[in-house]
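Please read the points below with the model open beside you.

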Amino acid sequence: MKILLVTYSAYPRIGGRSTYISLLKSTLERRGHSVDILAHAPGQNEIYIVGGKRVNKAALRRRIAAEIVPQLHRRFPGLPPWIVWRETERYCFEEAIRQFDFSPYDLIHTQDILSSLACQRAIRDRPIVATFHNCKAEEWQVNGEAEQKLPIERAYVAREELLSVERTKWVIVPSRWLKNALTRLGATSERFRVVSYGMDIPRFQQSMRQPTELKKPADCPLILCPARFVPIKGHTFLFAALQRLKEEGRRFVCWVAGNGVLEQNLQQEVRLRGIDDVVRFIGGRSDLPAILAITDIVVLPTLHDTLPLVIMEAQLAGVAVISTRVGGVTEMIEHGRTGLLGPAGDPDYLWHSLRNLLANQAERERLARNAQTVALQTYSDARMVGHTVALYQEAVRSAAAGEAYVEQTTIDERLLGPVYRLGLPAPLRPTGTLVGTVRAPDGRPQPHAAVHLMDMSWVTLAVTHCDRNGRFSFHQIPAGKYAMIISVGECWKSRELVVHENEVTCCHANL
C-alpha cells in the first residue's frame with residue numbers, strides 16, 4: 001500500500017507523536033509499504049509533504065481569513081474571537097490539504113483532531129483511518145485551561161473533538177483510558193481499536209550502546225526526567241521533592257531532558273529553589289537511549305498522559321520508573337512490581353519514592369528487571385504495525401465516500417451550529433496588547449521573522465511578521481495564557497506567555 005500519514009503538528013519535532021509517526025513509517029516501509037508524511041514544516045510557515053510539495057501558509061491564511069471571518073460573523077454573531085481564530089486556522093489547514101494530489105495514495109492515516117477534521121472534509125475518495133493520541137477536553141480540565149474559557153468555548157472544544165472521532169469510521173487509540181475518555185465525550189465505543197504503541201526494540205537496544213557526550217557523576221545516583229516543558233508534565237512537583245531531598249543531604253543528580261514553552265520558567269524555579277547545582281537541563285535529546293543506559297531512576301511526574309513513550313523506553317532500558325496514577329500510565333506500570341505509581345501533583349509522594357529508591361539499589365534493580373521482562377514481551381513494533389495494517393486492509397476493502405466531504409472550504413455548520421444553538425453566553429472579554437522584538441543571536445534586529453500566537457493546544461490563532469527593526473505586535477488579545485512560536489524558515493523558538501487585561505505585555509526573543 002501507499003500510505004499518507006497526516007498531522008497538523010510540525011514534523012519532525014521532539015515528542016511522542018513525532019516519534020510514533022517516525023516509527024510507524026519506518027516499520028511499514030520495512031514491510032514493503034510506501035509512506036509519506038504531510039505536516040507543518042518546522043517553523044509553522046509551510047505545510048508540506050516531507051521531501052515533496054510545499055504550500056506557503058501566509059498568503060493562504062490571509063485569503064481564507066478574508067473569506068471565512070465575515071461569514072462566521074454573519075452566521076454566528078457574537079462568536080468569541082478565540083473560536084473565530086481557531087476556525088480560521090482549521091479552514092486554512094483544510095484548504096492547504098486540497099492543494100495536494102492524493103491520487104497516488106491507497107489510504108490516509110490522520111494523527112490528531114485538526115488533521116482528521118480537515119481530511120474528512122477535503123478528501124473524497126480515499127479511506128481515512130485516524131489515530132488519536134490524547135483527549136484535549138480532559139487535558140484542559142487537568143491543566144486548568146478549561147477554567148479560563150467561556151462556556152461556549154468549552155462546548156466548542158468538546159464538539160470539535162467529538163466530531164473528529166465520529167466522522168472517522170476506523171479509529172485507533174493507544175490505551176483503554178483514551179478510548180474511555182473519548183467515549184465519555186459521546187463517541188460510540190464500537191469504532192475504536194486499542195493498539196498500544198510499539199518500538200523497534202533491537203534498534204533501541206543498539207542505540208543504548210552508542211556513546212553520549214554526557215558523563216554521569218561518579219558515585220552519585222542519576223535521576224532522569226525526560227518530558228516536554230509544558231504544565232501537564234508536572235516538573236514543579238518533582239523540583240519540590242528534589243529540594244527536600246537535597247536539604248536532607250541525599251546525594252543525587254537530576255537531568256531534565258526536553259524542551260518547550262516553560263523552559264525559562266522551569267530554569268528560574270530551579271534557581272529559586274536552590275537546586276541548580278544538582279539539576280541540569282540537557283535539552284531535547286536524540287541520544288536518549290544512551291542516556292538511559294547510565295540512568296538509575298526515571299521520574300515522570302505527569303498530571304495527564306495517554307501512554308508515555310518515555311516510560312516504555314525506560315522499562316526497555318531496565319531503569320526503575322516512578323510516575324503517577326493518571327491516564328494510560330496505569331496500564332503500563334503495576335505499582336510495586338514494575339515501577340512505582342502515586343497521586344499526581346503530590347511532591348510528598350515523589351520525595352518518599354525517590355528517597356526509598358535512592359537508598360535501595362536492590363529495590364531499583366528488582367523493579368527495573370520486572371518491568372524490562374514485561375516490556376520485551378509487550379512493546380513490539382511488529383505487533384503494533386500488524387494490528388494497524390489489518391485495520392488499513394479493512395478500511396481499503398470497505399472504503400466509501402466520506403459523509404463530511406465538501407467540494408470547497410465553507411463554514412462547518414455541523415460543528416458550529418449545535419454549539420451556537422446552546423445559547424451559551426459569550427460576553428466580551430477584557431483584552432490586552434502583546435508587543436515584542438526578535439533579534440538574531442548577535443543582537444541585530446531580525447526583520448520579517450514570523451510570529452505565531454498559539455493557544456495552549458498549539459493551534460495557531462494569529463500570525464504577524466516583524467518589521468525591519470524586528471518589532472511585532474498583536475492587539476485586542478483576550479486575556480489569558482498563550483504560546484508563541486517565532487521562526488525564520490524552519491528555524492524556530494517557542495515561548496509561553498500571559499496576556500493581562502488592559503495591559504501591554506512585552507515579549508522579547510532571540511532567534
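1. Glutamine 476 lies in strand β18 (residues 471-478). Helices (H or I, at least four residues) and strands (E, at least two) are DSSP runs, numbered from the N terminus. Phi of glutamine 476 is near 55 degrees, a positive value in a residue other than glycine. Glutamine 476 is exposed, with a relative accessible area of 62%. Buried here means under 20% relative accessible area, exposed over 50%, and partly exposed in between, with a 1.4 Å probe and protein chains only.

2. A note on the source. This is a predicted model, in which local features need pLDDT of at least 70, side-chain atom pairs count only at pLDDT 80 or more, and totals for chains, interfaces and linings use all residues. Residues are numbered from 1 along each chain as its sequence is written, and side-chain values use heavy atoms, with hydrogens and water left out.

3. Aspartate 219 also deserves a look. Its phi is positive, near 55 degrees, and the residue is not a glycine. Aspartate 219 sits in the loop between α9 (201-208) and β9 (222-226). With a relative accessible area of 71%, aspartate 219 is exposed.

4. Check the peptide bond from tyrosine 11 to proline 12. It is cis, with omega near -5 degrees. Proline 12 belongs to the loop between β1 (2-10) and α1 (16-30).

5. Next, the sheet. Four strands form an open sheet in the order β17-β16-β19-β20, with antiparallel pairing. Which strands stand at the edges? They are β17 (460-465) and β20 (491-499); each has a single partner strand, so one side of each lacks a neighbour in the sheet. The twist averages 20 degrees from one strand to the next. Axes are lines fitted to C-alpha atoms, for helices over the stretch in contact, and angles run from 0 to 180 degrees between N-to-C directions.

6. Within that sheet, β16 (residues 450-454) and β17 run antiparallel and are joined by 5 bridges. Two strands pair if DSSP finds at least two bridges between them. Leucine 453 has alanine 462 of β17 as its bridge partner.

7. Helix α17 (residues 413-421) has Leu415, Leu416, Gly417 and Val419 as its buried residues. These pack against α2 (57-75), α3 (81-97), α4 (113-122) and α7 (151-166). Contact means heavy atoms within 4.5 Å. Just after α17, glycine 423 takes a positive phi of about 70 degrees.

8. How do α3 and α7 lie relative to each other? Their axes come within 10 Å and cross at roughly 25 degrees. The two helices are therefore roughly parallel. Angles under 35 degrees count as roughly parallel, over 145 as roughly antiparallel, 65 to 115 as roughly perpendicular and the rest as oblique. On α3, the contact uses Trp82, Ile83, Arg86, Glu87 and Arg90; on α7, Ile152, Glu153, Tyr156, Val157 and Glu160. These residues divide into 5 nonpolar, no polar and 5 charged. Ala, Val, Leu, Ile, Met, Phe, Trp, Tyr, Cys and Pro count as nonpolar, Asp, Glu, Lys and Arg as charged, and the others, Gly among them, as polar.

9. Finally, the cysteines. The structure holds 0 disulfides, a disulfide being a pair of cysteine sulfur atoms within 2.5 Å. Cysteine 225 is in no disulfide; the nearest cysteine sulfur, that of cysteine 254, is 6.2 Å away. That is too far for a bond. Cysteine 225 is buried, at 0% relative accessibility. Cysteine 254 is buried as well, at 0%.
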